[in-house]
Amino acid sequence: MRISDWLDEKEAENVDVSQIVLPKNMAYDQDPDETIFFKEINPCGMLCTENHPFSTVERFGHWYYCRGQDKKAGIHSSELKWRLFTKDKDLALQTAEAHIE
């Protein structure tokens with residue numbers, strides 16, 4: 001089942017999908033249709049494998065999946081992770097940008 005179809009089903013069941021966690025097999029088996037936004041704060045350089053604050057917006061069908069690690073968490077932190085599913089592209093982009101600025 002595609003992520004967008006699964007989200008539509010959950011929405012039809014009156015589930016709040018904005019903060020829903022995808023089933024693990026679904027999250028790893030599907031690539032987004034497109035990545036609309038990505039920004040990472042990585043002052044360490046390309047070779048650093050630690051965590052860095054980031055924001056991304058990916059499109060799955062007519063759903064936008066925003067996720068990241070808030071800039072307030074700081075460099076090399078695993079705290080302040082966030083996510084949002086929405087059908088509103090503008091809201092998705094605004095949310096992603098707000099978490100990384």
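Reader: So what pLDDT does the protein average?
Author: This is a predicted model, and the protein averages a pLDDT of 92. Of the residues, 100% score at least 70.

Reader: Ok, and where is confidence lowest, and where is it highest?
Author: Confidence is lowest in H2, with a mean of 83. At the other end is E2, where confidence is highest, at 96.

Reader: Switching topic: what volume does the largest pocket have?
Author: The largest pocket comes to about 340 Å³.

Reader: And how many residues line it, and which lie nearest its centre?
Author: The lining of the largest pocket has 15 residues. Leu 22, Ala 27, Tyr 28, Tyr 65 and Arg 67 lie nearest the centre.

Reader: Which element gives the most to that lining?
Author: H2 does, with 3 residues. Helix H2 (24-29), along with strands E2 (54-60), E3 (63-69) and E4 (81-86), each supply at least two residues of the lining.

Reader: How do the lining residues divide: nonpolar, polar, charged?
Author: There are 10 nonpolar, 1 polar and 4 charged residues in the lining of the largest pocket.

Reader: New thing: how many disulfides are there?
Author: The count is 0 disulfides. Take Cys 48: the nearest cysteine sulfur belongs to Cys 44 and is 3.9 Å away.

Reader: Is Cys 66 buried or exposed?
Author: Cys 66 is buried, because its relative accessibility is 0%. Cys 48, in contrast, is partly exposed, with a relative accessible area of 22%.

Note on methods:
Residues numbered from 1 in each chain as written. Predicted model: local features only at pLDDT ≥ 70, side-chain atom pairs only at ≥ 80, totals over all residues. Heavy atoms only, no water. 1 Å grid on protein atoms, 1.4 Å probe; cavity = no way out; pocket = protein on both sides within 12 Å on 5 of 7 lines; lining within 4 Å. Points joined across faces, edges and corners; volume = space filled by probe spheres on them. Helix = DSSP H or I, 4+ residues; strand = E, 2+ residues; numbered from the N terminus. Nonpolar A, V, L, I, M, F, W, Y, C, P; charged D, E, K, R; others polar. pLDDT = per-residue confidence, 0-100. Disulfide = S-S within 2.5 Å. Buried < 20%, exposed > 50% of the residue type's maximum accessible area, 1.4 Å probe, protein only.
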